[in-house]
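Please read the following note with the model open beside you.

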Amino acid sequence: MQHALTLRTRACAVRGFRNGLSTWWWLVKMMLPITFGVALLQWAGAIAAVSEWLTPVFSHIGLNGEGVLTFLTAVSASIYAAIGVMGTLNLDYRSVTIIAVMTLIAHNLIVESVVQRKAGCRSAWGMAALRLAMALLTAWILNRILPENYTGTLLVAHRDAGGASFGAVMQGWATAQARLLPLMFAMIVSLNVLQQLLREFRLIGRLTAPLAPLMRIFGLSPDSAFLWVVLNTLGLTYGSSVMIGEVETGAVPRREARLLNAHAAMNHSLLEDTLLYAALGIGLFWLLVPRLAMAMAVVWAMRLGIALRERRRNQ
């Protein structure tokens with residue numbers, strides 16, 4: 001009995017390691033050239049130039065050029081980068097609240113959209129367009145419902161922005177990747193081993209059963225609960241490594257994967273990303289509710305579209 005248990009556990013560890021290694025290597029090959037290109041664009045001032053060009057458009061959602069620059073930084077890089085840019089700018093509390101919600105929906109867009117394409121959505125471009133559109137729509141709504149004098153205390157450490165040399169930018173990029181890639185390897189392999197163990201010993205259903213009613217409210221299958229927890233605790237880049245395996249093995253149907261991808265596009269990493277902005281002094285209500293509402297609206301709209309297409313085919 002004990003020997004059989006050991007063999008099953010060892011087999012899960014081997015399968016998880018192989019799957020995790022394969023996914024990690026795919027992510028490395030995809031992420032390195034993308035992040036290198038983004039670093040070059042930031043050094044060359046291309047992102048700052050685009051933000052200046054877009055300022056008249058973004059004025060309709062309550063943002064000036066500095067706000068646009070922060071948003072584009074998050075879109076091309078990460079929330080951490082956007083917060084770093086905030087520290088160099090003089091943004092008021094109302095603007096930062098709108099930017100925070102926008103960047104929570106649309107950040108690290110290039111990398112995460114490619115990852116989602118492999119995790120079951122039809123098009124990386126379509127997913128990127130969805131996130132950008134929903135970020136802008138949410139900001140437009142917030143600009144109309146937030147009082148003009150909406151204020152609070154921001155805990156952003158302001159510092160002077162200085163132009164970095166090409167060498168400094170490349171060194172920063174290389175250092176960041178050297179720190180990130182081993183962490184990614186450990187996280188992705190561990191997640192895949194855990195997934196294999198939970199599936200082998202039939203524990204996923206027991207752990208996620210209490211979340212089934214919540215999944216139904218979101219418009220998702222109750223079977224999506226485990227992946228939903230992974231995506232909202234570890235984010236899209238790490239969490240999708242598990243989802244990729246589920247989709248490729250057929251454990252998650254393609255249609256359900258597309259619905260979960262649409263939800264996660266606007267509402268993932270609820271733990272880390274939300275706490276990052278909450279630590280700056282932004283209210284949790286605005287960090288959570290708009291994203292949840294938009295994610296639910298998109299998924300239920302997709303379900304309605306699916307139902308209408310099936311009805312037409314049956315007529």
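1. Which side chains meet in a salt bridge at 3.9 Å, N to O? They are those of Arg-94 and Glu-148, where a salt bridge is a side-chain nitrogen of Lys or Arg within 4 Å of a carboxyl oxygen of Asp or Glu. The pair links distant parts of the chain, with Arg-94 in helix α5 (residues 93–105) and Glu-148 in the loop between α7 and α8, 54 residues apart. Arg-94 counts as buried at 7% relative accessibility, whereas Glu-148 is exposed at 67%; here buried means under 20% relative accessible area, exposed over 50% and partly exposed in between, with a 1.4 Å probe and protein chains only.

2. Before going further, please note that this is a predicted model, in which local features need pLDDT of at least 70 and side-chain atom pairs count only at pLDDT 80 or more, while totals for chains, interfaces and linings use all residues. Residues are numbered from 1 along each chain as its sequence is written, and side-chain values use heavy atoms, with hydrogens and water left out.

3. The count of salt bridges comes to six, and one of them joins Glu-200 to Arg-8, with the closest N and O atoms 2.9 Å apart. Because Glu-200 lies in helix α8 (residues 166–200) and Arg-8 in helix α1, this pair ties together parts that are 192 residues apart in sequence. Helices are DSSP runs (H or I, at least four residues), as strands are (E, at least two), and they are numbered from the N terminus. Both partners are partly exposed, Glu-200 at 29% and Arg-8 at 36%, and together with Arg-15 they are linked in a network of salt bridges.

4. A further salt bridge is formed by the side chains of Glu-256 and Arg-303, at 3.3 Å from N to O. Glu-256 belongs to helix α12 (residues 254–266) and Arg-303 to helix α14 (residues 284–314), so the pair ties together parts 47 residues apart in sequence. Glu-256 is buried, with a relative accessible area of 13%, while Arg-303 is partly exposed at 22%.

5. The second largest pocket deserves a look, and its lining is made up of 17 residues, of which Val-75, Ser-76, Leu-109, Ile-110 and Trp-125 lie nearest its centre. Helices α1 (2–44), α2 (46–58), α3 (65–76), α6 (109–118) and α7 each supply at least two lining residues, and α7 gives the most, with five. The lining divides into 15 nonpolar residues, two polar and no charged; Ala, Val, Leu, Ile, Met, Phe, Trp, Tyr, Cys and Pro count as nonpolar, Asp, Glu, Lys and Arg as charged, and the others, Gly among them, as polar. On a 1 Å grid over the protein atoms alone, a pocket is an open set of points where a 1.4 Å probe fits, with protein on both sides within 12 Å along at least five of seven lines, and lining residues have an atom within 4 Å of a point.

6. Finally, two backbone angles call for a check. Most residues other than glycine have a negative phi. Asn-108, in the loop between α5 and α6, has a positive phi of about 45° although it is not a glycine, and Asn-108 counts as buried at 18% relative accessibility. Ser-269 has a positive phi of about 50° and is not a glycine either; Ser-269 lies in the loop between α12 and α13 (272–278) and is buried, with a relative accessible area of 2%.
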